Amino acid sequence: MLEIKQHISLKPFNTFGVEAKAKWWVEVTSEEQLLELAQSELFQKESPFILGAGSNVLFTQDVERLVVHNAIKGIRVVESSSDWVRVGFGAGEVWHDAVMHCIDHHWGGVENLALIPGTVGAAPVQNIGAYGVELKDVLHSIRALDRVSGRMVTLHSSDCAFGYRTSIFKAEAKDRYIITEVVLQLTTHSHGLHTDYGAIRDELNKKGVLSPTIRDIATAVIAIRSSKLPDPSVLGNAGSFFKNPTVDREVFERLNTAYPNMPSYPAQKGVKLSAGWLIEQCGWKGYREGNCGCYEKQALVLVNFGGASGRQILDLAQRIRESVLHRFQVDLEAEVNIL
Ligand code: FAD
Ligand code: EPU
């Protein structure tokens, strides 16, 4: 039975912990409920906004829309061979729990993505990534309600235009699909381990692990992440506020001459810079202004110390962006979805 509510506070439903009200609110726990909702006048009229765990959104005002909280659960094995298994996860499953479920079943592929907050259904939206792995590397297909045709559709990885922190769901097909299930293709043995990124190797060495299992990698990733990133249940945040910018070779050469210690990474088109480093150079790391600020251990993470509004956080983000642009002539793009 669908229970539609009005003027619901979204504070408990976003990891920044900012106050905003939803004009309309409904939780869906099954595909059938979603299809029923899609027939309603409210759904047609009130421009639905799909909310998972709210760990990649910043509410800067009340949401004058129908907020649909995706709570569709369920895990099923769709297909398997001697080498791989395809597993479908309901969009409302908690991403980290899905990762640990895979590890418990000895299914490899998502261990580097441990401890990323949020739901499974949001993972394809920005093609979540960490420690050398992105969702697209393990995604088989997505089941979704297509709001244009009103029908359930299956999208394969190649349909989703995945890129660094982007996909069709965040760009040309924004708000078109409501993802209900994500099918991952995982290895059942001979897992392709990714241990060369960031501090994973050091963390494994520290523990004396020479031949890591997928669980060892997840444990290492969890330890690294916990030491660097604030826990949203303690300090409101949405992870990296900006994307790491990619600049062309010419810009890179200019900056590299001026700042030889600047971290940089090869990218598909040009060179990727570290937004955290650029922000830190502008003096923002550890900065606090009233109830919001820039995390002391990671300049790319903006934090709500308690009681900050979405507008205050956005205002700080804009000034950070301007100062980076002024000093380095590099424009930062928000990763977080701003409403
Ligand atoms: P929400 O914030 O609820 O929604 C995000 C967007 O997806 C919205 O536009 C929403 O409309 C859309 N959406 C959500 N569910 C659906 C659905 N079922 N169908 C269609 N659209 C949908 N991200 C990374 O990539 N890598 C990281 O390492 C990482 N680390 C983080 C660390 C911290 C401490 C925090 C707080 C965040 C981090 N993030 C990271 C960002 C965040 O965890 C991911 O973007 C996550 O996928 C968001 O999931 P969510 O359920 O909270 O989505
Ligand atoms: N750095 C600084 N100062 C800072 C922060 C970073 O100088 O305050 C420099 C350091 O040189 C460091 C480098 O930046 O070596 C990279 O930092 P880090 O390893 O912390 O990673 P990141 O580039 O800041 C990205 C993702 C994270 C992801 C990690 C690990 C983006 C926007 N962010 O952060 O994703 O967990 O790599 O793969 O790509 C997220 O998207 O929300 C997120 C947390």
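Into which domains is the protein divided? The assignment gives domain 1 (5-70), domain 2 (75-187) and domain 3 (236-338). The model described here is a predicted one.

**The interface of domain 1 and domain 2**

The centres of domain 1 and domain 2, taken over C-alpha atoms, are 21 Å apart. At their interface, 14 residues of domain 1 are in contact with 15 residues of domain 2. Between them the two domains bury about 1100 Å², and 60% of this area is on carbon and sulfur atoms. On the side of domain 1, the residues that lose the most area to domain 2 are Glu31, Leu34 and Asn70, which together account for 40% of what that side buries.

Polar and charged pairs also cross this interface: five residue pairs are in polar contact, and two salt bridges are found. In the salt bridge of Glu31 with Arg143, the side chains meet at 2.6 Å, N to O. Two elements, α1 (31-38) and β5 (63-70), each give two or more residues to the side of domain 1 that touches domain 2. Of the elements on that side, α1 gives the most, with four residues.

Where is Asn14 found? Asn14 belongs to the loop between β1 (5-9) and β2 (21-28). Its relative accessible area is 5%, so Asn14 counts as buried, the limit being under 20%. A polar atom of the Asn14 side chain lies 3.0 Å from the backbone oxygen of Val18. Leaving aside residues up to four places away in sequence, Asn14 touches Ala53, Gly54, Val57 and Phe59.

**Strand β12 and its partners**

Strand β12 (residues 177-187) is mostly covered, with nine of its eleven residues buried. Strand β7 (residues 84-90) runs antiparallel to β12 and is joined to it by seven bridges; within β12, Val182 stands opposite Phe89. Strand β10 (residues 139-146) is likewise antiparallel to β12, and seven bridges join these two strands. Here Leu139 has Leu184 of β12 as its bridge partner.

**Salt bridges**

How many salt bridges does the rule count? The count comes to 18.

| Residue pair | N to O distance |
|---|---|
| Glu79 and Arg86 | 3.0 Å |
| Glu335 and Arg165 | 3.2 Å |
| Lys285 and Glu280 | 3.2 Å |

The surroundings of these residues can be described pair by pair. Lys285 is partly exposed, at 31% relative accessible area, and Glu280 is also partly exposed, at 37%. Glu79 is partly exposed as well, with a relative accessible area of 40%, whereas Arg86 counts as buried at 16%.

Both members of the remaining pair are buried: Glu335 has a relative accessibility of 5%, and Arg165 has a relative accessible area of 15%. The side chains of Glu335 and Arg165 meet in their salt bridge at 3.2 Å, N to O. Why does this pair tie together parts that are 170 residues apart in sequence? Glu335 lies in the loop between α8 (310-328) and β20 (337-338), while Arg165 lies in the loop between β11 (151-156) and β12, so the pair links parts of the chain separated by 170 residues in sequence.

Definitions and conventions:
Residues numbered from 1 in each chain as written. Chains lettered and ligands numbered in written order. Predicted model: local features only at pLDDT ≥ 70, side-chain atom pairs only at ≥ 80, totals over all residues. Heavy atoms only, no water. Buried < 20%, exposed > 50% of the residue type's maximum accessible area, 1.4 Å probe, protein only. Polar contact = N/O pair within 3.5 Å; in protein donor to acceptor, adjacent residues only side chain to side chain. Contact = heavy atoms within 4.5 Å. Pairing = 2+ DSSP bridges. Domains from an automatic or database assignment. Buried area = accessible area lost by both parts, 1.4 Å probe. Salt bridge = Lys/Arg side-chain N within 4 Å of Asp/Glu carboxyl O.
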